[in-house]
Amino acid sequence: MGQLCGRCMQLLRDFVAFIQKMSSELVYSIKECLALISECSCLKQNASKTRQLYKPMLQPHERVTAQEFLQQIERGFEMSPLGKDPLEALRTLAFSENPGLQQSAALYYLHMSQHMNVPLPAEHLEPFYALLRSADLEVQQMSSLSLVNFLLEGNIDKEMVVQMGLLEPILDLLESVDPTVQCNSCACTMTLAVSESNREAIGAAQGVTPLLSLANSYDPRVQQNAVGAILNLTQSERIQLVLCKEGALPVLTLLLESPDSEVQYYSCAALSNIAANAQHHEAMLRIGDRFLLRMLISLLSSSVDKKVSSQACVCLRNLATRADTQAELVAKDVLPRLCSLLVSSSEDACRAAVALFWVLSQHPHNQDALVCTELLQSLGMLLSAHTTDPVIAGHAACIIKNLNLSKNRQRIIESPCVEGLLQTMLSIDIEENSLHYVTSCLAELAKQEGGTLRMVKWMNEPLTKRLVRLAGQREHTETSFQAASIIQHMIDHEKMMLLLKCHIIEIQAYLRNFLTHQEVRFQQLAISTLCRLQADPEFSLAFRKSQMAKLLEQVRQQTEETQELLRAAICHADS
């Protein structure tokens, strides 16, 4: 190909100069237009939500298309900024090989994501593919940030982002050398990973490896978002296997020492999710000669952010499925730290600590170490302070019941636990499962005279009314049985008898129900209760006026018939 003559070269120079002059004027016009729009009162209501990591700078434009785009901006904001005409202009600019034009499209989307809280139509995702793939750093920064903003505001369907093919360029940006692009792409990945199908797509696209690399970034924003993305990915058991294979366990374990509490929380929560799968326990505990256990225990300290401490409790609970691990935790003096969390102002920390105590209390070898004054005092205070919390009430009741051995029973009876359990039972908002655990624990304690005396001391009209109503309800038979059992053990005490006289009709009703129940234990409990109540003249008179004697006779006849059948069966078997 021949060389251009001097005249042609001069023409080209003149053309370039003309374009540069035009471009400068257009850049100024675009900036002025967007500045005026952003200052309008219609956008002031969303000004507090503006998120901007940097001030994007436009390079001089070199194509007349910018003029058309400026016109589209003006018309678009008059009508619809997401209309058909702006979309066509954005496509032209985004897929251009000119970085200046791509910057215009990226800036348009960034402005939209920061100031307009409207859903982004699916067709508007198409230009993002070209923008995220751009070789220009500012285009990458602006387009990735606008995508993050749209995702965080819920203005883009997360599954649609993956379906439109944007996951691949997002993951490619994880390997950028620019911290801002890394931060934005990690944030995109973290937000997309809340969806199960997206988690699988990220794993299939080999997005785990670059995230693990960025988890060690020196930029705190990048590190937080990378570990947050890993946390969301650990909700998939299949991705857990990939993470462990790629070396995530030592990375996450070392991040527990991070000075950033968010990084600590994310990494601890990710380890908790992995620890929920017992097949990973051996590999987790093998790291640095059980270094993970030591780190988790240290995070229970009072100086640590309670959000991190509660997550450390969850992780320890998930790991403590084996007796040797539980014994190790008890030997490492974890109990005082857990007791301090039980009385923490953080409900999450209280729930996590009581759940870990519940796991430890199930193993007989730990029970002697657990029964200490500090724990029993803390449990009693916890029950009184959180009477309606189903997690706390249920776990605390189970712990007390597990520790209620003969050598520990007196210490439990003398602790605030009995009062805490009674106050929890009194709450009408407690969930049924938790109520069952509470009444079952109280019924177990009531079998001992010391426990009965302690309960009678705290009994009053509201508690008595609650017990009688629980015994009379038919929907949850086990709770009904336990409540009636508690009443039966306290009947011999004068104070309790006086309180029960206000509920003679209700007591007769649940006794009749028990006598006709198919299970023998209900019939036996009703008969035992009747015998004790008949010692009181008022109850005896009430029973004579009712049909109670007739019901007792029916039970007697059924029992005799059953005995005859049993005798016949035994004789037949012997012959």
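Which residues does A312 touch, not counting residues up to four places away in sequence? In this predicted model, the answer is C268, L296, L299 and L300. A312 itself sits in helix 18, the stretch that covers residues 306-319. With a relative accessibility of 0%, A312 counts as buried, because anything under 20% falls into that class. Another residue worth a look is I297: along the sequence, A312 and I297 are 15 residues apart, while in space their C-alpha atoms lie 7.4 Å from each other.

The chain has 575 residues, and 52% of them are buried. Its accessible surface is about 27100 Å², and carbon and sulfur atoms account for 53% of that area. As for who meets whom, take the contacts between residues at least 6 apart in sequence: 73% of these join residues at least 24 apart.

Now for how some of the helices pack, starting with helix 6 (residues 137-152) and helix 9 (residues 179-192). Their axes come within 9 Å and cross at roughly 30°. Angles under 35 degrees count as roughly parallel, so helix 6 and helix 9 are roughly parallel to each other. The crossing of helix 6 past helix 9 is left-handed. On the helix 6 side, the contact is made by L137, Q140, Q141, S144, L145, L147, V148, L151 and L152. Helix 9 brings T180, V181, N184, A187, C188, T191 and L192 to the contact.

Helix 32 goes past helix 35 in a left-handed crossing. Who does the touching here? From helix 32 come Q508, L511, R512 and L515, and they meet M548, L551, L552 and V555 of helix 35. The contact of helix 32 with helix 35 splits into six nonpolar residues, one polar and one charged.

Notes. Residues are numbered from 1 along each chain as its sequence is written. This is a predicted model: local features need pLDDT of at least 70, side-chain atom pairs count only at pLDDT 80 or more; totals for chains, interfaces and linings use all residues. Side-chain values use heavy atoms; hydrogens and water are left out. A crossing is left-handed if the near helix is turned anticlockwise from the far one by less than a right angle, and right-handed if clockwise. Helices (H or I, at least four residues) and strands (E, at least two) are DSSP runs, numbered from the N terminus. Contact means heavy atoms within 4.5 Å. Ala, Val, Leu, Ile, Met, Phe, Trp, Tyr, Cys and Pro count as nonpolar, Asp, Glu, Lys and Arg as charged, and the others, Gly among them, as polar. Buried means under 20% relative accessible area, exposed over 50%, partly exposed in between (1.4 Å probe, protein chains only). Accessible areas come from the Shrake-Rupley method with a 1.4 Å probe; for residues, only the protein chains shown count as cover. Axes are lines fitted to C-alpha atoms, for helices over the stretch in contact, and angles run from 0 to 180 degrees between N-to-C directions. Angles under 35 degrees count as roughly parallel, over 145 as roughly antiparallel, 65 to 115 as roughly perpendicular and the rest as oblique.
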